[in-house]
Protein chains: 2
Amino acid sequence: MSDTPTPEWIAVDWGTTHLRAFAMRDATVLARSVSQDGMGRLDRTGFEPALMALVGPWLSAGPVPVIACGMVGSRQGWVEAPYREVPCVPLDPTLTPAPVTGDLAVHVLGGLSQRRPADVMRGEETQIAGFLALNPGWDGVLCLPGTHTKWVHLSAGEVVSFQTFMTGEIFALLSGHSVLRHSLTTDGFDAEAFDTAVSDAMGHPERFAAKLFSLRAGHLLHGTQDAAIRGALSGVLIGAELAAARHYWLGQNIAILGMGDQAQAYQRALRPQGIEAMLVDTERATLAGLTAAYRTQKERA
Amino acid sequence: MSDTPTPEWIAVDWGTTHLRAFAMRDATVLARSVSQDGMGRLDRTGFEPALMALVGPWLSAGPVPVIACGMVGSRQGWVEAPYREVPCVPLDPTLTPAPVTGDLAVHVLGGLSQRRPADVMRGEETQIAGFLALNPGWDGVLCLPGTHTKWVHLSAGEVVSFQTFMTGEIFALLSGHSVLRHSLTTDGFDAEAFDTAVSDAMGHPERFAAKLFSLRAGHLLHGTQDAAIRGALSGVLIGAELAAARHYWLGQNIAILGMGDQAQAYQRALRPQGIEAMLVDTERATLAGLTAAYRTQKERA
């Protein structure tokens, strides 16, 4: 790390479970570093040391601007960066400074809120801003899979509305902590079981709690394989979500933020509905959003 | 306990988390005892000592018959008591003896299975048998709320079909381990929020994962009270279950096994559908089922 040139600025993606820092020259990544010092394990005095532990080696003399997004700006975070209410542009025009004693000048981006139905996001707004920076003029619907998957309607550079689904968190709780964990002891993902479950759940989403137990019973009675159960569990939850999010994706131009298993599962589930969604690299979008915020901040200074 | 007369037999309700033993004279309870030695924390050699710890003080000389139901008869239990496939009578006609070295003669009741949709029960079949013993000739649908709620169609003394919903387990995971736990730090249950959520979920069950996150956002944005969130969480899950279990309860004679909060929530949710379900004491039903099994066993001996 001693070879890293002093960065012009530092981009920070600071979520509940992870802290990711990037030494930047304008939009170019010079170095990157990650730790598990997420917002969830820090009290207010812990943020500055956690950040310094990562970026200290990049600093030589004088303050370096830091632009951070994510849960770091929540009420339990380093400093509360207020929500802005949609419809609005995704990028926070007034960054919130964090209380720093040392050599950093940290600014935190605020999230978005929606009055009815009540909804919030933190971090995703920066990914959305980055996606728009990379795809100027794009109109359509973004799907951001995650612990709390978000569907976001974009038009004319603004977030018009959005809706969050707890699908990812429910999947993690059921596969790791429910009676189904006994039927998920080996790896694997059966795509055919996924497809069938998506289709069944889109037709009868109300049956999810029965279908879930039926997977366990199928394991006990018919020896259903773990991979089929994992595929079906994912399919039941994503299928029910698609049934509820129909007004978001039906007849729309769709992009999915993510390239991993979860993003591919959404892409696969949408295909029988005649939708070929584009997959977008999340880190690239996050950095593009933070870069846009940094440039705005720099122009203003 | 030294005053307890030697029982004629011992009734045992042995689930995943608890072991409950009853010193019996025919259908009369002489004494009761409970421990946390559920099936979930015992290996095969642990069952006999766990039982003796509870019932030892009741024994004087000679073997006493023990009739046990529940997860004690599962593959991971003391001895595997096979499932019988519905349609069939709820009471196992061929009890499975457990391997005992000491002074007890332990017999375990088997559960019920259903081929399609795949489903199983263990313990509930004894409650159902007891309910039928207490209400001879009853036809209709039993709802057995629990970690895994069961809907059971009874006709002419037989279990015709049944369906299990993971509703109780999902409620426990979401309220104790998801992001919603931060909005459920105080007690209370808002019945009006429950009613609204049941009605919404019956109309749009597919929205559950969005509705759940909306509860969290409502807490952050509008300060929704914990009691309203708990009521709505319960209502979302029970409402979706009722939407899926419609073919069980619609136009049927319904009894709910249970008298506690969860049973009352199901009773309340069914009321706007024009159904006044009877609540039945679970322990009374369990003991009536075990007593029926004991009498059959005794006649045969």
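A: Let us begin with one pair in this predicted model. A:K298 and A:E8 form a salt bridge, and their closest N and O atoms are 3.2 Å apart. The contact counts because a salt bridge requires such a nitrogen within 4 Å of a carboxyl oxygen.

Q: Which parts of the chain does the pair link?

A: The pair links distant parts of chain A: A:K298 belongs to helix α9 (residues 282–300), while A:E8 lies in the segment before β1 (9–14). The two residues are 290 residues apart.

Q: What is the distance from N to O in the salt bridge of A:R271 and A:E276?

A: The side chains of A:R271 and A:E276 meet at 2.9 Å, N to O. A:R271 is partly exposed, with a relative accessible area of 40%, whereas A:E276 counts as exposed at 54%.

Q: Which residue forms a salt bridge with B:D37?

A: The partner of B:D37 is B:R41, and the closest N and O atoms of this pair are 3.9 Å apart. B:D37 counts as partly exposed at 21% relative accessibility; B:R41, at 57%, counts as exposed.

Q: How many salt bridges does the structure hold over all chains?

A: The total over all chains is 18 salt bridges.

How values were computed: Residues are numbered from 1 along each chain as its sequence is written. Chains are lettered from A and ligands numbered from 1 in the order in which they are written. This is a predicted model: local features need pLDDT of at least 70, side-chain atom pairs count only at pLDDT 80 or more; totals for chains, interfaces and linings use all residues. Side-chain values use heavy atoms; hydrogens and water are left out. Helices (H or I, at least four residues) and strands (E, at least two) are DSSP runs, numbered from the N terminus. Buried means under 20% relative accessible area, exposed over 50%, partly exposed in between (1.4 Å probe, protein chains only).
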